[in-house]
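Let us walk through a protein model together, with its side-chain contacts as our guide. Keep the 3D view open as you read.

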Amino acid sequence: MSLIDRKHILVFALIIFVVWSCSDVQKRPKPDKLLSQDKMVNIYTDMLILDGVYRTNPKKFETYGLEPTEHIYNKFDIDSLTLAQNMSYYNLDFEVNSEIYEQVQKNIEAKKQILDSISQVKDSLKRLEREAKKPKLKDSIPLSKKIMKAD
């Protein structure tokens, strides 16, 4: 056998091994407490928001004694095992997982727009408040003299 034939046989054997090992992939069984896709969307949305807030100002969480993961467990009435099992279950289904993350992205964007509009309203109110506090300059020429000059 030549060296080229051995390489072909080795490559062919490797391909068969890879295909054979991938064909036995089994779906993970459904968790005992399967959470709906909508609930997973809400959980992921809250997790991302809490993570962002925590990364921005972790001392606030320490000051109030808040734990982001505990908040998620309490809010959605789940435990860590249920969350882990559901995350693993949905991660194996690419289509469903993709839908979940698309909806999470839409939720985050909608919440961002709400916060931006609230911020704009607050900025407008502050601007109006500053303008109201500014001392008004009084016109040194009385209105009656202005009217006479215009005639």
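The paragraphs below take up aromatic pairs, then salt bridges, then a pocket.

Before we start, please note that this is a predicted model, in which local features need pLDDT of at least 70 and side-chain atom pairs count only at pLDDT 80 or more, while totals for chains, interfaces and linings use all residues. Residues are numbered from 1 along each chain as its sequence is written, and side-chain values use heavy atoms, with hydrogens and water left out.

Let us begin with the rings. A pair of aromatic rings is described by the distance of the centres and the angle of the planes. Here, rings of Phe, Tyr and Trp (its six-membered ring) pair if their centres lie within 6.5 Å; planes under 30 degrees apart count as stacked, over 60 as edge-to-face and the rest as tilted. By this rule there are three aromatic pairs. One of them joins Tyr-44 and Tyr-101, whose ring centres are 5.1 Å apart with planes at 10°, so this pair is stacked. Because Tyr-44 sits in helix α2 (residues 37–56) and Tyr-101 in helix α6 (residues 94–133), the pair ties together parts that are 57 residues apart in sequence. Helices here are DSSP runs (H or I, at least four residues), numbered from the N terminus.

How well covered are these residues? Buried means under 20% relative accessible area, exposed over 50%, and partly exposed in between, using a 1.4 Å probe and protein chains only. Tyr-44 is buried at 4%, whereas Tyr-101 is partly exposed at 39%. Tyr-54 and Phe-61 make an edge-to-face pair, with 5.3 Å from centre to centre and 70° between the planes. In this pair, Tyr-54 is partly exposed at 34%, while Phe-61 is buried at 6%.

Now for the charges. Side chains of opposite charge can pair when their charged atoms come close. A salt bridge is taken as a side-chain nitrogen of Lys or Arg within 4 Å of a carboxyl oxygen of Asp or Glu, and the whole structure has three of them. Asp-46 pairs with Lys-75, their closest N and O atoms being 2.5 Å apart. Asp-46 is buried, at 12% relative accessibility.

Another salt bridge links Asp-51 and Arg-55, at 2.9 Å between the closest N and O atoms. Both residues lie in helix α2, four residues apart, or about one turn of the helix. Asp-51 is partly exposed at 33%, and Arg-55 is exposed at 65%. In helix α6, Lys-112 and Asp-116 are likewise four residues apart, about one helical turn, and their closest N and O atoms are 3.1 Å apart.

Finally, look for the largest pocket, which has a volume of about 170 Å³. On a 1 Å grid over the protein atoms alone, a pocket is an open set of points where a 1.4 Å probe fits, with protein on both sides within 12 Å along at least five of seven lines; lining residues have an atom within 4 Å of a point. The volume is the space filled by probe spheres set on the points, which are joined across faces, edges and corners. Among the lining residues are Tyr-54 and Asp-51, both met above. Helix α2 gives the largest share of the lining, five residues.

Notes: Helices (H or I, at least four residues) and strands (E, at least two) are DSSP runs, numbered from the N terminus.
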